[in-house]
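Please open the structure in the viewer and keep the selection tool at hand.

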Amino acid sequence: MTWTKEMPQHPVVAVAGATGAVGAEFLKVLHDLDFPAKEVRALASARSAGKRLPFEGCGEVPAGELIVQEMTPESFEGVDIALFSCGAAPSKEMREAVVNAGAVMIDNSSAFRMEEDVPLVVPEVNPQDISWHSGVIANPNCSTIQMVVALKPLYDLSRIKRIVVSTYQAASGAGAPAMAELYDQTRDFLAGTPEEELKVEAFQHRIAFNCIPHIDKFLEDDSTKEEWKMVVETKKIMGDEDIRVSATCVRVPVLRCHGEAINVEFEDEVSVEEARKALEAAPGVTVLDDIENNIYPMPGLLAGTNDTYVGRLRKDASVDHGLALWVVADQIRKGAALNTVQIAQLLLP
C-alpha cells in the first residue's frame, strides 16, 4: 500500500527518543533547517517524562523548553511526522500506532531497513524512493549514508562494480554512554589506572588509545552485522543488486565523525579529474583535497558539520578502472539526525 495521505505545510512533529544523543541532535537540526513545524513533541521512556529540554525553535514553534512526555501509542494522535531514534524494539512496538494515527515514521534504527515495502533513503542519492512508502521510511546505517553520498556522483559517471571499504567509526555510533566512556577511559588511562580497573561497558574492549575491529555482533560468515549492513543497504539505496561490497568496520577513539577508506572499481575508466569535478558539483559533498598544503578531511576537526567530506582522491592501480578516496562525516548529524530531517523535508508539500 502506497501512502496517499496529504502532508500539511506545517506538520506536527514527534521526536521519539528525544533525550538520547541523536534525539537531542534532531532538535538541533529542526532548528538549524528551520523545519516548518506547527508543533514539536519530545517523547521518551517513562523515566525521562517531565524532563525539560532546551529547544531553539523552528517553524511556528518558539524557542524555549520542551517537556518530555512518556511515549505511548496515544502519543501520536495528531502527529504528522514521527522521527524515531530509540532503538529497534520501541520502533517495532510503536509502528502500528504511528501509522494508524496517520503519521509517517522516519526510523533511525535497523528495524525496517531491509523490508520490501520500506524505502531506505538518502536524499542526495535516492529521494524518489519516498514515493512508494506505506507509512514508514528507514534511515540507513550511518556508515552507509556517508559512503553512498560520496559514491553516487561517481556512479553517475560509470556504474560501480565493486567497493572495498574500511571504516574508522566514532564512539558516537554506540550512543551517548559510549562517548562518555571514551572520555572517562582516556582520563583514567592517562592517570595511570591499571588496565583491569578501567571501566569497559559500551564496547567489547578498552576504546581509549585502541581500535576495535568489531561493531555489532558476528555472523555465521565471520563478518559483523555492521559490515553486513553496509553491503545490503548500499545495494538497496543505489538500486543495484549486482554491486559487490566488502566492508571491514572498526571502532576508533574518535568522538563523533566516521572516516572511511574506500576503493572503487568502475565498469569504465573514470579519471581523477572527472571524479573530482563530479564530487565538487554534488549536493551535500565538500571536497577537501589539497595534499600540497596537507588539506584532507579529518574526523577530529569536522564534528558538528553537515556535509560529507572527500579527500585523498587518487587512482587505484590494483584494478582496472579503479579509484581510491577518503570520506569523513559527522555520524550524529549526516549519519543520523540530519539525514532523517532531510527525509522529512522531502515529505513536505
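In this tour, contact means heavy atoms within 4.5 Å of each other. Helices (H or I, at least four residues) and strands (E, at least two) are DSSP runs, numbered from the N terminus. The model is predicted: local features need pLDDT of at least 70, side-chain atom pairs count only at pLDDT 80 or more, and totals for chains, interfaces and linings use all residues. Residues are numbered from 1 along each chain as its sequence is written, and side-chain values use heavy atoms, with hydrogens and water left out.

**Stop 1: helices H3 and H5**

Select residues 142–155, which form helix H3, and residues 225–238, which form helix H5. Two packed helices are described by the angle between their axes and the distance between the axes. Axes are lines fitted to C-alpha atoms, for helices over the stretch in contact, and angles run from 0 to 180 degrees between N-to-C directions. The axes of H3 and H5 come within 10 Å and cross at roughly 40°. H3 and H5 are therefore oblique to each other; angles under 35 degrees count as roughly parallel, over 145 as roughly antiparallel, 65 to 115 as roughly perpendicular and the rest as oblique. The crossing of H3 past H5 is right-handed. A crossing is right-handed if the near helix is turned clockwise from the far one by less than a right angle, and left-handed if anticlockwise.

Next, display the side chains. From H3, the residues Ser143, Thr144, Met147, Val148, Leu151, Lys152 and Tyr155 meet Glu226, Lys229, Met230, Glu233, Thr234, Ile237 and Met238 of H5. By class, this contact of H3 with H5 has seven nonpolar, three polar and four charged residues. Here Ala, Val, Leu, Ile, Met, Phe, Trp, Tyr, Cys and Pro count as nonpolar, Asp, Glu, Lys and Arg as charged, and the others, Gly among them, as polar.

**Stop 2: helices H3 and H6**

Ala150, Pro153 and Leu154 in H3 meet Ala275, Ala278 and Leu279 in H6. The residues of this contact divide into six nonpolar, no polar and no charged.

**Stop 3: salt bridges**

Side chains of opposite charge can pair when their charged atoms come close. A search of the whole structure finds 22 salt bridges, each being a side-chain nitrogen of Lys or Arg within 4 Å of a carboxyl oxygen of Asp or Glu.

Select Lys152 and Asp156, whose side chains meet in a salt bridge (2.9 Å, N to O). Lys152 is partly exposed, with a relative accessible area of 22%. Buried means under 20% relative accessible area, exposed over 50%, and partly exposed in between (1.4 Å probe, protein chains only).

Move to Lys229 and Asp216, which form a salt bridge at 3.3 Å, N to O. This pair links distant parts of the chain, 13 residues apart: Lys229 is in helix H5, and Asp216 is in the loop between helix H4 (176–190) and H5. Lys229 is buried at 8% relative accessible area, whereas Asp216 is partly exposed at 34%.

Then select Asp330 and Arg256, whose closest N and O atoms are 3.0 Å apart in a salt bridge. Asp330 is in strand E14 (residues 322–330) and Arg256 in the loop between strand E10 (244–251) and strand E11 (257–266), 74 residues apart. Is Asp330 buried or exposed? Asp330 counts as buried at 0% relative accessibility, and Arg256 counts as buried at 16%. Salt bridges that share partners join Glu25, Asp32, Arg256, Asp330 and Arg333 into one network.

**Stop 4: two positive phi angles**

Most residues other than glycine have a negative phi, and most peptide bonds are trans. Select Asn294, which has a positive phi of about 55° although it is not a glycine. Asn294 lies in the loop between strand E12 (285–287) and strand E13 (308–315), and is exposed, with a relative accessible area of 54%. Select next Arg312, where phi is near 50°, also a positive value in a residue other than glycine. Arg312 lies in strand E13 and counts as partly exposed at 37% relative accessibility.
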